Amino acid sequence: MKHWTLQKKWTYASGLSIFLSFFMMCVILFFSLYNWLLLSEEKLAQNTLQEVVHFFESKGPIISIQDIQRNKTLLNQLVNQKQSVRILNADGIEVLRINDASPFPSFSQTLTADFQKEKLNGQLLLYKGAEIDFGLFKGYVEISHSLENFSQLMRYILIAMVIFTIIALILSALIGYSLSSILLRPLKELRDEMQEAKRLKFSKEVHFQYATNDEIGELLTIYKQLMNEVSETITRQDEFIHNVSHELRTPIQVVEGHLSLLNRWGKEDREVLDDSLQISLTEVQKMKLLIEEMLKLAKREQSNDRAKTTISTIVYELEQKYRIIAPAVTIKFIGDKTEALTIPATVLEQIIGNLIDNAIKYNINQPEIIVTVASDDTQTLLSIIDNGIGIPIDILPKIFDRFFVVDEARTKTKGGSGLGLSIVKRLVTEYNGKVDVESKVNEGTKFNIIFSNMPKEE
């Protein structure tokens, strides 16, 4: 059965359940009718036996055949109900039989209170005896009540029930198949929709509609949500791969070109050799930066670390770092030096470090960067202010997109990978913060980052 379709299982299950229910009802009904009708036959036979006993005892010591013939009611009852009555003397010898319609078993002086059901000569009957005493005669009276009509009636009822059971089996199968077809139609349509989505690599929108608010409706809602997430993920993945391949292609081509140049004739020219090596190293560093930033972003997207970090400590560490890398850069911290954020130190260093990198990179003056912090009971505001070239208002909405790079002609150095600000945006959002930017061309840029404060423990 594990290879059966859901419709086939549903058809068999519903058909079998309906059939078994009807079958059990027929069995119960048959035996109920059987016992009830048999009890009715016993009552009829008992009434006849009592009337016979009463008739003989009421006639006194002398009774004739004519007296029996004149009792039309008794005779009609015996004939109509296929009953036989016999009178036996005290020795068990039969002296009279009325209406020989039903056979008698062998006589026994042991009398029973209830009727006995026996089968004689292929005929089912009820049998009972009673003592009789009228005048000078003492003996026994026996009645044999034929169950032929009862057997025929039960046989007809059984045949009818078998026919109805077969019809019920067929109808239950048809009803089960119809119900399964109707109820499973939405699931089949949903299955076809999913197969089509798989064939088209989840690029097709969900067109399947189901208005009923039941389990299938809930399943469709979940499926649509998953489809949207999968489609969005695939779109982002395709765009990510396209952008990365495009971003890496240029430095690889540059390195390949210079290596080809050196392989042909440049290795003999010291000046060409030095220039080619310097340019190749610069491009390799650019690829390394791109890869490192992508790995950082991928790693931090799943971060659940929640540590408390002092802001002034991170700014001081960054200041020491840039004093060696870029001695001309000035970094200042303004605010309470004890202010801390509930995020890991590495995350805060990435956020502030990426913004400082951009402030240095996009600057034609001597870079001056100011980090300010202000806090109240509910939130902490972290601002990074620079004196760089600024950002045109038309591209402000794009600066947090992955791989977005400002025109390199406006900077003293080549642009970065375009991942720095996207990392900042993702990390700030991950730790329940918000970031916005204010900028004026040729005056500078200010990044404002707001984090909600954790409730203080009482």
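Leu44, Asn47, Thr48, Glu51 and Val52 of helix α1 meet Leu74, Gln77 and Leu78 of helix α3; contact means heavy atoms within 4.5 Å. This is a predicted model, in which local features need pLDDT of at least 70 and side-chain atom pairs count only at pLDDT 80 or more, while totals for chains, interfaces and linings use all residues. Residues are numbered from 1 along each chain as its sequence is written, and side-chain values use heavy atoms, with hydrogens and water left out.

**Overall makeup**

- The chain holds nine helices and twelve strands. Both are DSSP runs numbered from the N terminus: helices are H or I of at least four residues, strands are E of at least two.
- Of the 458 residues, 38% count as buried. Buried means under 20% relative accessible area, exposed means over 50%, and partly exposed lies in between, using a 1.4 Å probe and protein chains only.
- Among contacts with a separation of 6 or more, 63% join residues 24 or more positions apart.

**Annotated transmembrane regions**

- An unreviewed UniProt entry annotates residues 12-34 and 156-184 as "transmembrane region". UniProt positions follow the numbering used here, feature names are shortened, and annotations may be inferred rather than shown by experiment.
- Residues 12-34 are 100% helix and 0% strand, with the end C-alpha atoms 32 Å apart.
- Residues 156-184 are also 100% helix and 0% strand. Their end C-alpha atoms lie 41 Å apart.

**Helix α1 against helix α3**

- Helix α1 spans residues 6-58 and helix α3 spans residues 72-80. They pack at an angle of about 150°, with axes 11 Å apart.
- Axes are lines fitted to C-alpha atoms, for helices over the stretch in contact; angles run from 0 to 180 degrees between N-to-C directions.
- The crossing of α1 and α3 is left-handed. Left-handed means that the near helix is turned anticlockwise from the far one by less than a right angle; right-handed means clockwise.
- Leu75 also belongs to α3. Leu75 is partly exposed, at 23% relative accessibility.
- Beyond four places in sequence, Leu75 touches Ile68, Gln69 and Ile98.
- Leu75 and Asn99 are 24 residues apart in sequence, and their C-alpha atoms are 7.9 Å apart.

**Helix α8 against helix α9**

- Helix α8, residues 345-361, packs against α9 at an angle of about 150°, with the axes 9 Å apart. The crossing is left-handed.
- From α8, the contact uses Val347, Gln350, Ile351, Asn354, Leu355 and Asn358. From α9, Gly420, Leu421, Ile423, Val424, Leu427 and Val428 take part.
- Helix α9, residues 420-430, is mostly covered, with eight of its eleven residues buried. The buried residues are Gly420, Leu421, Ser422, Ile423, Val424, Leu427, Val428 and Glu430.

**Aromatic rings**

- The whole structure contains seven aromatic pairs. Rings of Phe, Tyr and Trp (its six-membered ring) pair if their centres lie within 6.5 Å; planes under 30 degrees apart are stacked, over 60 edge-to-face, and the rest tilted.
- The Phe55 and Phe56 ring centres are 5.5 Å apart and the planes stand at 80°, so this pair is edge-to-face. Both Phe55 and Phe56 are buried.
- Phe30, Phe31, Tyr34 and Phe150 form a cluster linked by ring pairs.
- The charged end of Lys425 sits over the ring of Phe400, 5.6 Å from its centre. A charge sits over a ring if NZ of Lys or CZ of Arg is within 6 Å of the ring centre and within 35 degrees of the ring normal.

**Loop residues**

- Most residues other than glycine have a negative phi.
- Lys82 has a positive phi, near 50°. Lys82 lies in the loop between α3 and β1 (83-89). Lys82 is partly exposed, with a relative accessible area of 29%.
- Asn432 has a positive phi too, near 60°. Asn432 lies in the loop between α9 and β11 (433-440). Asn432 is exposed, with a relative accessible area of 58%.
- Lys308 lies in the loop between α6 (270-300) and β6 (309-310). Lys308 is exposed, at 67% relative accessibility.
- Leaving aside neighbours within four places in sequence, Lys308 contacts Ala340, Leu341, Thr342 and Ile343.
- Lys308 and Ala345 are 37 residues apart along the chain, with their C-alpha atoms separated by 7.7 Å.
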